[in-house]
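Have the structure open as you read.

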Amino acid sequence: MVILISLSLFLIVSYFLFGRRFSAPAILFIAPLILAVLDGFIYYKQWRFNLSCITSLLVIFGTLSFIVGCASISLFYRRGTISSVNKVQRIYLDNKVYALFFVLCILCSAATFLSIRQLVVSFGYPASSFSDIIGSYNELSKFGDEDISVHGIGAYAYEVVFGIGLVFAYLAARDIAIAHARCSKPCVLVFLTSALCVLIVGSRSVAITMFVAFAVLFLMFLQATNQLKRFSDIKAQTIVLVPGIILVAAIVFLNSLNLLGREGGSETSTPLYDLSIYLGAPLKNLDLALLEGTSQPSFFGQGTFRYVYSTLAKFGFDAPPYSTDFGFRAINGYFLGNVYTAFYNPIVDFGFIGGCFALFLTGMFVQLIYEYSYNHICLNRITFSSVVYGFFAYNIFFSFFADMFLATFFSTVALKKIVVVAFLIFVLNRFQLHEGKGMGVDEHLRY
């Protein structure tokens, strides 16, 4: 209960501290964490969800450190381009360009799928169906003791699909926020196509990344155009529609396992419990791990920089053994999964104070990206910083689930995606600035 009260106070203070912006990093960090705590209370007796003192202190001070890091940038950041939000214009692509990117998504997905099939077969896994192939690849890449992933043309093709998804999440969010029902349907189609095509690797998180990026960027455009300045601006139909969308998304999320070649919940589990494994259970896993005691890592930042060490090992450098299995847990016969929230790796690698400091630095970094992107989001071009913030928004939002931001940021995986995104933005902005036909401007909002 102390955690819930503290997080609720943090959320209220952050709402006003960061200018009532629903898309601010602190809001994205705290709000889902509160939902995770509430979800844990549903299984209070089954999970013994009376979290220990050390876990409570870690969550409270870790969250506070993140907020202070964000505030240290927000309070002193000079908003030099704030006047640009007074005129927000729609950005168009010619229908031929939309068609080109739609076809490119399909072709790149096919190339990735063929590479995955070849890799799966080489390890002796079944490859008789689409579900078998992507399910086997998901198992190989997530639960093996080797860093197994697609290489060559298939890997580059997948990065192109992912990059298209992020860029068109920006374009779709911008167009819908301005034009609403009159938005560009081809633009939305390309975004949805890419968001589904990234599922080719068997992981739902990549598709969720796209939709979270879209939602956060959509909020940023609504706020930047003064359509959403405070809670009172939220319309009644939105209050009804949003929970409905979340419910449908949860149902699709839980029922997508069979399609992706993965096992669903047990016969005795319920849809609510299956969802709780992803929502409230990570906090309990963190609690159990801290009560058992954590071992001293043999390498500096072994968990936090695990992808860095994995890359260094490929070049012959000394590195810890590669592993993505953090141990499945259960309590009183109830399965809890194998994720431990964003607080686990920092405290294991750097101790309590060092872990809080790592979260403080994380807050500073993401707030810097946010401030810059918010103050440039309404320029008459696709802004790189806004798309990057949309990419990292997923990692911030799912801090209640696992340490994704630090692990992702310090990895060649993120670097490759950012490079592809930068190239796509450069190309599309060149259409707008120099050709004047492929991309143009139609209408705008003034406030």
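## Arg48

Let's start with Arg48, which is partly exposed because its relative accessible area is 47% (buried means under 20%, exposed over 50%, and partly exposed in between, using a 1.4 Å probe and protein chains only). Arg48 sits in the loop that links helix 3 (44-47) to helix 4 (53-74). Helices here are DSSP runs of H or I with at least four residues, strands are E runs of at least two, and both are numbered from the N terminus.

The backbone is worth a glance too: Arg48 isn't a glycine, yet its phi is positive, near 50°.

## What we're working with

This is a predicted model, where local features need pLDDT of at least 70, side-chain atom pairs count only at pLDDT 80 or more, and totals for chains, interfaces and linings use all residues. Residues are numbered from 1 along each chain as its sequence is written, and side-chain values use heavy atoms, with hydrogens and water left out.

## Asn332

Asn332 also has a positive phi, about 55°, although it is not a glycine. You'll find Asn332 in the loop between strand 2 (329-331) and strand 3 (334-337). With 41% relative accessibility, Asn332 is partly exposed.

## Asn345

Is Asn345 buried or exposed? Asn345 is buried, because its relative accessible area is 8%. Asn345 belongs to helix 14 (residues 344-374).

Leaving aside residues up to four places away in sequence, Asn345 touches Gly303, Thr304, Arg306 and Asp403; contact means heavy atoms within 4.5 Å. Asp403 is 58 residues away from Asn345 along the chain, and their C-alpha atoms are 6.8 Å apart.
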